[in-house]
Amino acid sequence: MFVVTYRKIFYVISAVITLVALGAILLWGLQLGIDFKGGSLVEVSYTSARPDINAVKASLAGVVSGGFSVRPTGNTGYILRTPLLDEAGHAAVLQALSQKEASKMTELRFDSVGPVIGEELRTKSTLAVGLVILAIVLFIAFVFRKVSEPVASWKYGLIAVVALLHDVIVPTGAFAILGHFVGTEVDTLFVTALLVVLGFSVHDTIVVFDRVRENLRVNKELNKQGEPFEEIVGRSVAQTFNRSINTSLTTVLALIALYLLGSAATKDFSLALIIGIVAGTYSSIFLASPLLVTIEKWSASARDGQKKVSK
């Protein structure tokens, strides 16, 4: 019941986190990976101690035009991102990374994406996230279509939109901050993580909403329709609280293990999932459910105002 009682505190927390995330996105934007802006990626691993990063950058400066970034990976490797490389450019980059063969190394990965494909992927990724949110809203409105009192079914969908936007903005803002300070880039795996987060979050939200619907039905059958909606929502949250927390915690623990022990290719993906699932669990319990109470109170106030006017 404390979630509903102290809902204004949770609204403030959500608003602050969302505003910080939006500020980071607007101020710094996202560091787009080669998936979205085109270019080439080279990952190498040295058989012995890797050369100093400044020496590597100095070697690359003479062979790569248009800017590049070098980031350490693991204990013996580097990941290089450059504009689109042809075969000759690729060979020159490998020569520079090996310090003219002074350092023995193995190429682990070489990927290239043209700018046209990158633009297409960026458009399709944005469209995919938008369509998923729309589909979820329509699904919730349909499932709760028989719930009309005290909150209309379409308002359940509206609240779900607020929660889902929160769950997209928070990890996106986190990656805007990471991109600005440590150069973390977003790619198609980041979009995949967002889609997973949306599904996970709406699952938690529907569990709570469904418990509210069930408690409303039971009250109707037992002629207990006089119970305040605030208490019904509070009881519903309490009944599903442990389940939501335990489900999210076990998932996050597995993702933390993946982040710490997995390869460099999955680190950003698992980090996006960790941030998104934590934000989604928070929004389902501490944002979406209390919003049901707030909207119900607004509706009740509006009805009371209309009655006074009619008199």
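In the predicted model, the chain has a radius of gyration of 25 Å, whereas a compact globule of 311 residues would have one near 19 Å; the radius is taken over C-alpha atoms, and the globule rule is 2.2 Å times the number of residues to the power 0.38. Along its principal axes the C-alpha trace spans about 85 × 35 × 30 Å. Residues are numbered from 1 along each chain as its sequence is written, and side-chain values use heavy atoms, with hydrogens and water left out. Because the model is predicted, local features need pLDDT of at least 70 and side-chain atom pairs count only at pLDDT 80 or more, while totals for chains, interfaces and linings use all residues.

The secondary structure comprises 10 helices and six strands, assigned as DSSP runs (H or I of at least four residues for helices, E of at least two for strands) and numbered from the N terminus. Of the 311 residues, 42% are buried, where buried means under 20% relative accessible area, exposed over 50% and partly exposed in between, with a 1.4 Å probe and protein chains only. The chain exposes about 16,000 Å², of which carbon and sulfur atoms supply 64%, the areas coming from the Shrake-Rupley method with a 1.4 Å probe. Among contacts (heavy atoms within 4.5 Å) between residues at least 6 apart in sequence, 78% join residues at least 24 apart.

Leaving aside neighbours within four places in sequence, Leu292 is in contact with Val151, Tyr156, Ile159, Phe209, Val212, Phe229 and Val233.

Ser283, which lies in helix H10, is buried, with a relative accessible area of 0%. Not counting residues up to four places away in sequence, Ser283 touches Ala163, His166, Asp167, Ser201 and Ala288.

Four strands form an open sheet in the order E3-E4-E2-E5 with antiparallel pairing, two strands being paired if DSSP finds at least two bridges between them. Strands E3 (69–73) and E5 (105–113) are the edges, each pairing on one side only, and the twist averages 15° from one strand to the next. Within the sheet, E2 (residues 39–46) and E4 (residues 77–82) run antiparallel and are joined by six bridges; Val44 stands opposite Tyr78 in E4. Helix H4 (residues 53–61) lies across E2, E3 and E4 and runs at about 145° to E3, whereas helix H5 (residues 87–97) packs on the sheet, touching E2, E4 and E5, with its direction making about 35° with that of E2. Such angles run from 0 to 180 degrees between N-to-C directions, the axes being lines fitted to C-alpha atoms, for helices over the stretch in contact.

Glu107, in strand E5, is partly exposed, with a relative accessible area of 31%. Residues up to four places away in sequence not being counted, Glu107 touches Val42, Glu43, Val44, His90 and Leu94. Glu107 and Ala141 are 34 residues apart in sequence and 51 Å apart in space, C-alpha to C-alpha.
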